[in-house]
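I opened this notebook to record what I looked up in the structure, topic by topic.

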Amino acid sequence: MTSPSVAVRGVDVQFGRTHALRDVTFGLHPGVTGLLGPNGAGKTTLLRLLATATPVPRGEILALGHDASTAAGRLAIRRRLGYLPQDPGFHRHFTAFEFVDYVAILKEHTRRRARHDEVRRVLDLVGLADVRHKKIKALSGGMRRRVGLAQALLGEPALLLLDEPTNGLDPEQRMRFRELLSDLGQSRTVVLSTHQTEDVAAVCQRIVALHKGTICFTGTPEELRGRAHGHVWVGTERAPGAWASWRTGAGGHRSVGATAPPDGVPVEPTLEDGYLLLLGDPGVTA
Amino acid sequence: MTAALARVETWRLLRHPFVLVGLVLSCWLLWREITANRPVLHFLDLATPTALMPLAGAALVAANLATLRARRDHAEDLYATMPGRPVPRVAAHLAALLPVALVAVALVAAGVAWAASDPYAVGTPSLLELAAGPVVVLLAGTLGVALGRLVPVPVAGPLALVGWLLVSMVVFAIGPAIGPGVLWFSALVPDFRPDAPPSGVVLARPAGWHLVYLLALAAGLAALTVARVGARRSGLGGFAVALAVVLAAGVAQAGAAPGSAAGDARVATAEAALRQNCQAHESVTYCAYPGFEVRVPLWRDVVRRVRDRVPAAAASAPLRVVQQAQHWDAASSGATGRLPSNGPEDPVVVPVSWPAGDTAGFERLRLGIAVAQRSLALPALGTAGREGCRPAAGGGVALWLAAVADPGAAAALRADLKDLRDAGPGLLYVNSSHSSLSDFTWGRAEGEQAVLLLDRPEAEVRGLVADHWALLAAPAGTLAQAATALSLPAPAC
């Protein structure tokens, strides 16, 4: 196997007494990787480290062949990085074009004509060509999210880090986003941090799951879903000791756990089932 | 990258609502300064920095907000992942101030060009004084950028602006008492003298040193800001150099300022060199400071209107109209007397500045009264009379002569009289933009008499005045006798 485009080794981050990340180690290859985890799992902290927004306090991060702990390494990473933070911090009085253009300058696109062409290209990619001269304060939440995505796509970055990119997008926009992401993932390393397991199932080739600052799973979506085989049932009653159980629209109870309900029929698990089981009882799927 | 960012920041700064409002206010202030008087360009230039203060304040606040933009909008996390570091961003914010300063330069240049196009404009503006305003705009904007990095809270900019204005007011209030050069440590050093000096040299202002002082202040703030965001060595080095220049220029300007030994010597030399040029027109001699000869037609017009309406003998009497400037004591910020003028005593005095627009009527009235007073041989102006009613018979007629052929002067007389009526018993002070030069005090009775005469046909009054000229000009004549002769009600005094 080729060397990973991103290698994270023994990264440890502590905020006061809270361990945000504990001895995190994994590698990323070109393609789309889903970073899954509940709130507070450390996803955003990990993305910020990968994006060089914060220094690496302990451990090592090599991205695109550069060491994130050195100034020269960080600069080299930043030159090939696209990053969409959870809250990009839009300048409300800028138009979509002006904002992306401003970021393009900060990304060293200094030749005006070429930069403007690139800004138009990325706004077109995210479907905002028609509203590019509208002020950001006049755009909907979903449109703003796409403006954020557009700035991350500037310069066709080799490493794309997206923190909750589908928040606020309607189903059609999410579908278009998946199309875009699957195209992007052909040639570059994309990390998609999200709660949405459907997005991960739809476009990710690999998954890194975080729980309480530690990595609890790395593998393919199939592998995660496969771990739930024999742990998902549909029955008339809730399974005793089920990690998650809910009444479905058809009237039965779908249960995810170690023990089958009395009249439960095993069903094909989804990625979400695997993820739920992973969070609920990592021992079951280990 | 800095150039590209600077273009964006420049465009945003120039379109910022604060800057646009500041620009409009500065235009208005400059327009007021230019139109208040017939331009004396070597004095008008001193007013330009103050007129640009709204633009400077706006630049301070707008530049501060622009510098804080990433912080206010929580975009710092994103920007931290960009190859572009904070130094180019700060440099771009600083560079964006230059076009704003250029706008200030254009505004000042346009204003001065407009003023210079006035056919009665005199003097030559000092480029150093004119440059001070745009540099103050630059300094204010630099302060805004510096605060954005050194004290990154949104209220810092407005508070700094208020603080700047308060400190300036305190310096203006107590500075002269502390020392002659103290005022010059303020960014703005306006000149509060009530009348323009006859020459820019008389001002003896250390404008060059002050410009260096302001530029070094701006450079020091910029260097400190750059040091704060990363370029520590070069920033602190630049700051040290700028600080040294600030101190050197500060001391130099204080030593050369009016009120100091060097400054006063320059003033005395300049004043001694002022020789008036005189020209005779019929029996009237007009004396003007060098360069002000172009104003003689303005004075002649007033003199002619008065003397055309008095008997030939009085009209042909010799008269001297002399321009006089005030001596200005910079240490006390007060006028202490008049500069000596050549020729015999008791000339009709005209100030260096000559108002324009509505206020010009008051100045023409003042000059016309002075001419009429001499034609009627009335007692010297400012001498004591009865409260509210001077004894001279020709008082009312003198006012009428000054106002009858000049609608502006007539309006000024009526306005003054209205003020006097509203204020109750007292003396009528004929308004002048140069109060210390015009100490005329006329009673309300003379004013009422003049207005009654103005309301009558001029030919009729001219006939009566000609018939009774001897009475009106008699030293022993009274206003009551004049009223009887002119078919007017008896004065209430």
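The entries below concern chain B of a predicted model.

**Entry 1: domains.** I began with the domain assignment, which divides chain B into domain 1 (2-177) and domain 2 (277-485). I then examined the contact between them and found nine residues from domain 1 of chain B and 14 residues from domain 2 of chain B. On the domain 1 side, I noted that helix 2 (17-36) and strand 1 (37-38) of chain B each supply at least two residues.

**Entry 2: helix 2 and helix 3.** I next looked up how helix 2 of chain B packs on helix 3 (residues 41-51) of chain B: the angle is about 160° and the axes are 9 Å apart. Because angles over 145 degrees count as roughly antiparallel, I recorded helix 2 of chain B as roughly antiparallel to helix 3 of chain B. The crossing of these two helices is right-handed.

**Entry 3: helix 7.** Is helix 7 (residues 86-95) of chain B mostly covered or mostly exposed? I found it mostly covered, with seven of its 10 residues buried. The buried residues include B:Pro88, B:Arg89, B:Val90 and B:His93. I traced the packing partners of the buried residues of helix 7 to helix 1 (2-14), helix 4 (53-67), helix 8 (97-116), helix 9 (127-150) and helix 12 (207-229) of chain B.

Technical notes. Residues are numbered from 1 along each chain as its sequence is written. Chains are lettered from A and ligands numbered from 1 in the order in which they are written. This is a predicted model: local features need pLDDT of at least 70, side-chain atom pairs count only at pLDDT 80 or more; totals for chains, interfaces and linings use all residues. A residue is buried if 20 or more other C-beta atoms lie within 10 Å of its own, exposed if 12 or fewer, and partly exposed in between; C-beta atoms are placed from the backbone. Helices (H or I, at least four residues) and strands (E, at least two) are DSSP runs, numbered from the N terminus. Two residues are in contact if their C-beta atoms, placed from the backbone, lie within 7 Å. Domain bounds come from an automatic or database domain assignment. Axes are lines fitted to C-alpha atoms, for helices over the stretch in contact, and angles run from 0 to 180 degrees between N-to-C directions. Angles under 35 degrees count as roughly parallel, over 145 as roughly antiparallel, 65 to 115 as roughly perpendicular and the rest as oblique. A crossing is left-handed if the near helix is turned anticlockwise from the far one by less than a right angle, and right-handed if clockwise.
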